[in-house]
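Me: I have a structure open and want to learn how to read it. Can we go feature by feature?

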Amino acid sequence: MDAMHFLSFFIFASAFIKSSQSLNATDCASHYRRPEYNDIEVECGTTTIKLAILACPVIYTGYNESLLVLNDIIDDPDCTGTLDISVDPPVVRFVFPLNETISCGSIFRTISAPGTGIFADFSNIQTVNVSGVVRSNDPTTGTVTYNADLKYFYSCAYPLEYLINNTRIDVSGSSIAVKDNNGSFISTLSLELYNDLDYADPMVMPPKGLELRTDIFVQVKATNLTSQYNVLLDRCYASTSPHPTNSSFFNLFVS
């Protein structure tokens, strides 16, 4: 078994549906109600973050999709919401890049904490938290308004430490699905084996296994990362056990 730790940041891909149609109380039917805490869904992806906010409670409160503002950004069309009435109930969708330079005002914070679970041996595990808020923009021009202030908070957590665990040597590679409290994403880390230093000849495992002293070239790759993040191979070892916490292991990175 080969196992490796990787320092990586992952970002989410998503799609959205545009609609030029409007929405009113009659269209909402039973969904026409007061806002609730679970009216927003967050999907954290490898290139974008996607938000879906129930539209009918927004209409009930006196607003529409054009009056929902992401992180106080009003003039950027890439940061505005789009009404989607092709789903039931209808939603207002926001899709924006996960990049510190063009993230529609999202806040990036790096949080450090002691490792737990399979990372219990690590005294420090870092996580990048991306957060923000969608707020209502009250069109009332007078001093007094009867419209409630709507706030929809989102947050995506991206651990910077990963464990890739292959239970046997082959060329199928590995990928990791990660879930957190705010959404889910598929990381883009992969591990593949080759016969040559140029990584052009993929290794095919013989039925009886490899001969002793066979050279193996390992390619570890992460895609869709921005230039500000890098991959660090922290540890590489082999073991006869599929569990990374097993005490019997043989380090492959040696001086």
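Predicted model: local features only at pLDDT ≥ 70, side-chain atom pairs only at ≥ 80, totals over all residues.

Me: Start with disulfides. How many are there?

Reply: Look for pairs of cysteine sulfur atoms within 2.5 Å. The count here is 3 disulfides. Number the bonded cysteines along the chain, and the pattern reads 1-3, 2-6, 4-5.

Me: Take Cys28 and Cys56. Which elements do they lie in?

Reply: Their sulfur atoms are 2.3 Å apart. Cys28 sits in helix H1 (residues 25-28) and Cys56 in helix H2 (residues 55-61), so the bond ties together parts 28 residues apart in sequence. Both cysteines are buried. The S-S torsion is about -95°, so this disulfide is left-handed.

Me: And Cys44 with Cys156: which parts of the chain does that pair link?

Reply: The sulfur atoms of Cys44 and Cys156 are 2.0 Å apart. This pair links distant parts of the chain: Cys44 is in strand E2 and Cys156 in strand E9 (residues 151-159), 112 residues apart. The link is left-handed, with -85° about the S-S bond. Cys44 is buried at 0% relative accessible area. Cys156 is buried as well, also at 0%.

Me: What about Cys79 and Cys104: buried or exposed?

Reply: Both are buried. Their sulfur atoms are 2.0 Å apart. The torsion is about -85°, so this disulfide is left-handed. Cys79 lies in the loop between strand E4 (68-70) and E5, and Cys104 in the loop between strand E6 (91-97) and strand E7 (107-113), so the bond joins parts 25 residues apart in sequence.

Me: Now sheets. What is the strand order in the open sheet of 4 strands?

Reply: The general idea is that strands of a sheet pair through backbone hydrogen bonds, either parallel or antiparallel. Here the order is E2-E3-E6-E5, and the pairing is antiparallel. Strand E2 (40-44) and strand E5 (82-84) are the edges; each has a single partner strand, so one side of each lacks a neighbour in the sheet. From one strand to the next, the twist averages 25°.

Me: How many bridges join E2 and E3?

Reply: E2 and strand E3 (residues 48-54) pair over 5 bridges, in the antiparallel sense.

Me: Next, salt bridges. How many does the count give?

Reply: It comes to 5 salt bridges. Arg33, Glu36 and Asp39 are linked in a network. Asp39 meets Arg33 with the closest N and O atoms 2.8 Å apart. Glu36 meets Arg33 at 4.0 Å.

Me: What does Lys50 pair with?

Reply: The side chains of Lys50 and Glu43 form a salt bridge, 3.6 Å from N to O. Lys50 counts as buried, at 13% relative accessibility. Glu43 counts as partly exposed, at 39%.

Me: Last one. Which residues form the nonpolar patch on the surface?

Reply: Leu210, Ile216 and Val218 form it, with about 180 Å² of accessible area together. Ile216 is in the loop between strand E13 (189-194) and strand E14 (217-222). Ile216 is partly exposed, at 33% relative accessibility.

Key: Residues numbered from 1 in each chain as written. Heavy atoms only, no water. Buried < 20%, exposed > 50% of the residue type's maximum accessible area, 1.4 Å probe, protein only. Patch = residues over 30% accessible without salt bridge, like charges linked within 9 Å, V, L, I, M, F, W, Y side chains within 5 Å. Areas by Shrake-Rupley, 256 points an atom, 1.4 Å probe, with all protein chains shown as cover. Helix = DSSP H or I, 4+ residues; strand = E, 2+ residues; numbered from the N terminus. Pairing = 2+ DSSP bridges. Axes fitted to C-alpha atoms, helices over the stretch in contact; angles between N-to-C directions.
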